[in-house]
Amino acid sequence: MSDRAVAPWVRTRLRAAPGAAVSMALLVLITAFLAAALPRGLDHHLDNGMRAQLDAARADQRMLKVTSTPPGQVPEKMREDSLRPRALRQNFEELLKAPEAPVRTLPEASSYGVRGPKRIVARDAWLPRPPVTGDVAPAQFLLSAQAELGRHSRMVQGRAPRADGNGTNAGTDKLEAAVSTATAKALRMKPGSVLHVENGSEQTAVTITGIFEPLRTQDPYWATDPLLHTPAVLAATGAKPPPVKYWGASLLLAPEAGPALLHLFPTPERFWELDFDTASLTAQDIPALSSAVASLEGGPGLNALRALAGDETVVTTDTEDLLASFDATRQAVLPVVAVAAFGIGTVAGVVILMAAGLAGARRHAELSLVRSRGGSVRGILLRLLGETSVVAVPAAAVGWLTARLLITEVRDTASVVAAVAVALLASLALPVRAAVAHFTPKLHGERTDLVRARPSRRRTVFELTALVLTVGAVAALNRRGTGQGSDELVSAAPVLVGLIAAMVLVRLYPLPLRLAGRPAALRRGAVGFLAIARAGRAPATAAMPLLALLVALTTAAIGGSVLAGVGDARDRAAYQVTGADARIESSHGYPEETVAQVRRSRGVREVSPVGVDYELTLDEDGRDVTLVVVDPESYARISEKTGLGPFDAAKLKAAPGSAAFPVLATPGAAKRIGAQGKQLRSVFLGLAAFTARPVGTLDVTPAQRQGEFVLISRAALPKSEPNALMVNGDNLDGAALRALAVGARDDSRVQLAAQERAKYADPPLQAGAQQIYAAGVAAGAGYAVLAVLLSLLQAAPERRALLARLRTMGLTRAHGRRLLVFESLPQALLAAVGGALVGWAAVRLLAPSVDLGKLALSPGAGVADTGFVALRLDPFSLLLPAVGVVVIAAGVAVFQAWWTTRVTTTTELRAGDAR
């Protein structure tokens, strides 16, 4: 006879409580989705950040530049053949296949050819000299026989250069070349122009046959050497100041003209510039990519290249430096993101455990009955495990699949592990709790009040162990400082501090209740006393929601501090460039009329006119300093706002009858002036002479970005016109300011701090890290609210029974509402105050070890060093979530009281009810 159950346990329980099953499935689905999306989103932003850094780098930094010279101890014919297009093309095709994975070369973005090892001079009289002051020299040209010129340019005049095929050799002293339109315009070239380049005693006549226009100058073909398409005024290296200036440009020869370079150079340079694919690279490829590049530069990879291109082959690239820079940014960003991950992970885990606790409390009588009728703990555990697994595992799978569909092309391992962890926690939480609760029989109605509960020895040992571990971690973190980088110790600090704070607050919680209960018992009203008594009867498991709230509030506080620190770093970097909200500057002075017009411009609150002389000589050593002539009051206010060398304006006011004017200077400049003062003369400001006496030192000032300076009041030079206007204001109209400035002086330059600041928010890694952190804080807040709701729902049946009984004793509905609100306030206030304190402590703890500079600014931002950017406590992020907890708890209690007082009380007054 079959003993198969007529009604299987799992199906029966799911049908009996479908709402609880659906709620649990939804909680697991959302948690699994967030757990899987976090590593996938982080990998996505890391990959995009690395690719963006490689793509944003100059082509000459990223590309693999392979160079070699023709073989030396061989016949001249073999040397010439090694420089011909056929040999170079064969080497090119072999070199493209040589690098190891993950380096994947791009033939269409790579180039090759022959060029001279250095620029050589052309002394033709018709070639112009640079239009600059000082000594100038004849133009110098780089000769390059680069393949596939026609594919990357179009001829606008003349024709492409030609060479006599295999007839071009080391004895050829006449060549044809093409130049870019920019080169032709600057050096006055046209088709038919002939110039003579020389290297020592050797000379070659080069005829310009065509002028071309590059199709895309940003292509690697051109970007490796900007002189290929645009000439530039260069300074002779090694010359004494002032350096000699000359035009530098390139002459592009026919690819077949490579052997002719032997006439000018003993060892012309063969080159193969190989670009590689960055679209397929991921952040996980950094170690392998660095290893492959290092092998090509000086390892087995280089030996393989030398076997193909010759023993003199050399490989150079800055790829390793770019990867190292990105890795440093990643190492600084990841711990900050991990703070949110640890925080939301802890809060989500606590909420799942609380949901399991609520289910266990609701089914305590049922499971006690099963246990009393012979059910084993093992049987209860397995049945509950089957019941929860049927709900949790599919929900977690759907959550992971959703994350995978939304965030593609990243690794699956971490997201799968995270989703599996959520499924295991959700599946095991209720069975394990029920097994532990029913392992030892308990008396019916045994109280577990938070006030009356006496901690067991196991709990004491656990708390002391956690305290010792946390103190040790904090001590290690402070002793290590910032020199050793950041790791999980920094990221887990808020959770550790929150855990200790929760244990301490639970221990201290009974004390204020006892103190408040005595005076409340003496008052006439019963609501206050009942509320305090009810708050004291909260279950001992109240530490779980308290921990969730503390960690969520701490994570939110750190999140606000992170955003505030990032904002500070970007503001500081922008102000280092502009010195104010806007900076208007010219090489000539601005009249007072222009200053007045700028003051009336939209958004302008203040304008400080400044005169800047960059060539003030203090002594005979030849080192110039910058003289900054300011209006003390307005300039001091700008310095105060920007944080760049704030000072007291009264210091720059000269004493009545004094012949010397007080100045503020950098320490070096103050020392050179001397304590007794010195007479100085400003050539830029009309040979005006004044006597300066240092009254203090500054390291930086808004009008001077770097170097030594002397700050003096306009009273010393009353006839000078300001050549810079420092503007403060909100929502400045950049177009209007530029129109005013250019209308007054043609060479005016206008810089807005807002535009400079906007440049720092673009890097994908930094932007993605902030998005992940913001999403984590929002998710943590949602879980915190859910923790409050679960804690109130767990006590809802008992509260309904209490209000029903008190209603029979004459308690009004208004009194019932106040009772529930006052009962929930002590725990809400405990969480709010504790969360604010823990958030403050966590920010103070993390501040010395977390540098937000790399999160705020990209490595290529091109700004001066902003110094160590630490976490800054943000009061808004610290207090607003704490107040929100109290408001939410009170609001839920009000709604619960309103709903409870409007339902019938008949079912709550059953005889023998143990609630």
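Predicted model: local features only at pLDDT ≥ 70, side-chain atom pairs only at ≥ 80, totals over all residues.
Student: Starting with β6 and strand β10: in which sense do they pair, parallel or antiparallel?

Tutor: Antiparallel, with two bridges between β6 and β10 (residues 245–253). Residues are numbered from 1 along each chain as its sequence is written, and side-chain values use heavy atoms, with hydrogens and water left out.

Student: How many residues of β6 are buried?

Tutor: Five of the seven in β6 (residues 174–180), making the strand mostly covered. Buried means under 20% relative accessible area, exposed means over 50%, and partly exposed is in between (1.4 Å probe, protein chains only).

Student: Zooming out, how many helices and strands are in the chain?

Tutor: The chain has 28 helices and 21 strands. They are DSSP runs numbered from the N terminus: H or I with at least four residues for helices, E with at least two for strands.

Student: What percentage of the residues of the chain count as buried?

Tutor: 48% of the 915 residues. As for contacts (heavy atoms within 4.5 Å), take those in the chain with a separation of 6 or more: 80% of them come from residues 24 or more positions apart.

Student: Switching to helices. At what angle do α8 and α9 pack?

Tutor: About 50°, and the axes of α8 (residues 286–298) and α9 (residues 300–309) are 5 Å apart. That angle makes α8 oblique to α9: under 35 degrees would count as roughly parallel, over 145 as roughly antiparallel, 65 to 115 as roughly perpendicular, and the rest is oblique. The axes are lines fitted to C-alpha atoms, for helices over the stretch in contact, and angles run from 0 to 180 degrees between N-to-C directions.

Student: Which residues meet there, α8 against α9?

Tutor: Ser295, Leu296, Glu297 and Gly298 on the α8 side, and Pro300, Gly301, Leu302 and Leu305 on the α9 side. By class, the contact of α8 with α9 has four nonpolar, three polar and one charged. Nonpolar here is Ala, Val, Leu, Ile, Met, Phe, Trp, Tyr, Cys and Pro; charged is Asp, Glu, Lys and Arg; the others, Gly among them, are polar.

Student: What about α10 and α13, is the crossing left-handed or right-handed?

Tutor: Right-handed. A crossing is right-handed if the near helix is turned clockwise from the far one by less than a right angle, and left-handed if anticlockwise. The axes of α10 and α13 (residues 413–439) come within 9 Å and cross at roughly 35°. Among the residues making the contact are Gly349, Ile352 and Leu353 of α10, plus Val422 and Leu425 of α13. The contact of α10 with α13 includes ten nonpolar, three polar and one charged residues.

Student: Where is the place of Thr319?

Tutor: In α10, which spans residues 319–362. Thr319 is buried, at a relative accessible area of 0%. Not counting residues up to four places away in sequence, Thr319 touches Gln61, Arg62, Phe276 and Val293.

Student: And why does Pro591 count as partly exposed?

Tutor: Because its relative accessibility is 27%. Pro591 lies in the loop between β13 (582–585) and α19 (592–599). Leaving out neighbours within four places in sequence, Pro591 is in contact with Glu721 and Arg745. Its C-alpha atom is 8.2 Å from that of Ala744, 153 residues apart along the chain.

Student: Last one: how many residues of strand β14 are buried?

Tutor: Ten of the 14 in β14 (residues 604–617), so that strand is largely enclosed by the rest of the structure. β14 pairs antiparallel with β20 (residues 724–729) over six bridges, and Glu606 stands opposite Asn728 in β20. With β15 (residues 624–630), β14 pairs in the antiparallel sense over six bridges, where Val612 has Val628 as its bridge partner.

Technical notes
Pairing = 2+ DSSP bridges.
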